[in-house]
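Subject: Handover of a structure and its findings

Dear colleague,

Please find below the structure that I am handing over to you.

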Amino acid sequence: MRYAIGIDIGGTTVEAGIVNEKGDLIQKESVQSDPSNKEKMFLQVIQCVNQLLNHSSIPEDEIYGIGAGIPGKIDRRNGVAVFQNNLPWSNFPIVHRLREALGIDNIVIDNDVYMAAFAEWKEAKMLEDELFVYITISTGISCSIIQGGNFIRGAGFAGELGLIPVFTHTADHSMERLEHAASGPAMQAKARFIYVNEALVTKDIFIHFTRGESNASRLVDEMIHALTQGVYMINSILDPHKIVFGGSVATYNPYILPLLKDKLKNYLIEEQLHILQNMEISNLNNGQGIIGAGLRAFR
């Protein structure tokens, strides 16, 4: 059995895990990110990997390679983290630095959503000609598209679903980017304003929602209204065979899926209805970023 390290790098946390070639997550470690500058952020990545190796029963010489998922735009060929909204790595030579620090030559990088999508695609066991979409709803909103085991990348920035403008529930039905209407931070900002409480966080909204609180119900309904428009656009353009939702907002609150389906069916024509039976929440327990990154090291 071969083993690889998968790294999921985010603006809040860095997670690293040992993954075998079957996609099993053997062990995981996590540290806080430090996006205050590029070197401090990189040191947190190295600390996380070293912490993993120190605690692992798998010898370092049995590690086949490393896969790393990084937010934003990635230059995979040259191993460079080009641009991120939440990390200080503008044109940062991440692959060279990881090889230098860890002494492992086989290192693969990609956008973090693409890494997670690869794990979900493997889990879904799609047929060769079937088209698969993974949508993450978390700090941001994005998607990745896979057909026949290959990513549809466009010119390199495909899948930025959060940039799509959608109609809001405001009195003038103005438009705003989906990410500004339905991501975790967007909902948190709206809730803090409504509740006049700067300590309120996103998960509190859903706690209030499950208790039937009216303000939280309105916020969740607005989020579902916006998400439905984004999902309908993706479905109409691609007509996927399956859509899987991940990210903390989706996986910790799976009851949003039937709410989304109820709104989505009002948009669909008969030839599109099949997607309602082929939308699901990830069952990889938020480990898909690590698993997908580790699996990509074997390719």
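**The largest pocket**

Sorted by class, the residues that line the largest pocket are 10 nonpolar, 22 polar and seven charged. In this sorting, Ala, Val, Leu, Ile, Met, Phe, Trp, Tyr, Cys and Pro count as nonpolar, Asp, Glu, Lys and Arg as charged, and the others, Gly among them, as polar.

Please note that this is a predicted model, in which local features need pLDDT of at least 70 and side-chain atom pairs count only at pLDDT 80 or more, while totals for chains, interfaces and linings use all residues. Residues are numbered from 1 along each chain as its sequence is written, and side-chain values use heavy atoms, with hydrogens and water left out.

The volume of the largest pocket is about 1,300 Å³. A pocket here is an open set of points, on a 1 Å grid over the protein atoms alone, where a 1.4 Å probe fits, with protein on both sides within 12 Å along at least five of seven lines; lining residues have an atom within 4 Å of a point. Grid points are joined across faces, edges and corners, and a volume is the space filled by probe spheres set on the points.

The lining of this pocket consists of 39 residues, and those nearest its centre are Asn86, Asp112, Ser138, Thr139 and Gly140. At least two lining residues come from each of β1 (3-9), β2 (13-20), α3, β8 (131-137), β9 (141-147), α4 (178-182) and α10 (288-296). Helix α3 supplies the largest share, three residues. Helices (H or I, at least four residues) and strands (E, at least two) are DSSP runs, numbered from the N terminus.

Helix α10 is mostly covered, with nine of its nine residues buried; among them are Gln288, Ile290 and Arg296. Buried means under 20% relative accessible area, exposed over 50%, and partly exposed in between (1.4 Å probe, protein chains only).

**The second largest pocket**

The second largest pocket has a volume of about 300 Å³. Its lining has 13 residues, of which Thr202, Lys203, Ser248, Val249 and Tyr252 lie nearest the centre. Two or more lining residues are given by each of α5 (184-195), α6 (202-210) and α8 (248-251), and α6 gives the most, with four residues. By class, five of the lining residues are nonpolar, seven are polar and one is charged.

**Aromatic rings and charges**

A search of the whole structure gives eight aromatic pairs. Rings of Phe, Tyr and Trp (its six-membered ring) pair if their centres lie within 6.5 Å; planes under 30 degrees apart count as stacked, over 60 as edge-to-face and the rest as tilted. One of the pairs is formed by Tyr114 and Phe151, which is tilted, at 5.0 Å centre to centre and with 40 degrees between the planes. This pair links distant parts of the chain, as Tyr114 belongs to helix α3 (residues 112-124) and Phe151 to strand β10 (residues 150-151), 37 residues apart. Both Tyr114 and Phe151 are buried.

Phe42, Trp89 and Phe92 form one aromatic cluster. The charged end of Arg97 sits over the ring of Phe42, 4.5 Å from its centre. Arg2 likewise lies over the face of Tyr64, at 4.4 Å from the ring centre. A charge sits over a ring if NZ of Lys or CZ of Arg is within 6 Å of the ring centre and within 35 degrees of the ring normal.

**Cysteines and backbone**

The count of disulfides, each a pair of cysteine sulfur atoms within 2.5 Å, comes to zero. Cys48 counts as buried because its relative accessibility is 0%, and Cys143 counts as buried because its value is 1%.

Most residues other than glycine have a negative phi. Asn91, which is not a glycine, has a positive phi of about 50 degrees. Asn91 is in the loop between β6 (80-83) and α2 (94-102), and it counts as exposed because its relative accessibility is 53%. Asn285, also not a glycine, has a positive phi of about 55 degrees. Asn285 is in the loop between β14 (279-281) and α10, and it counts as exposed at 71% relative accessibility.

Yours sincerely
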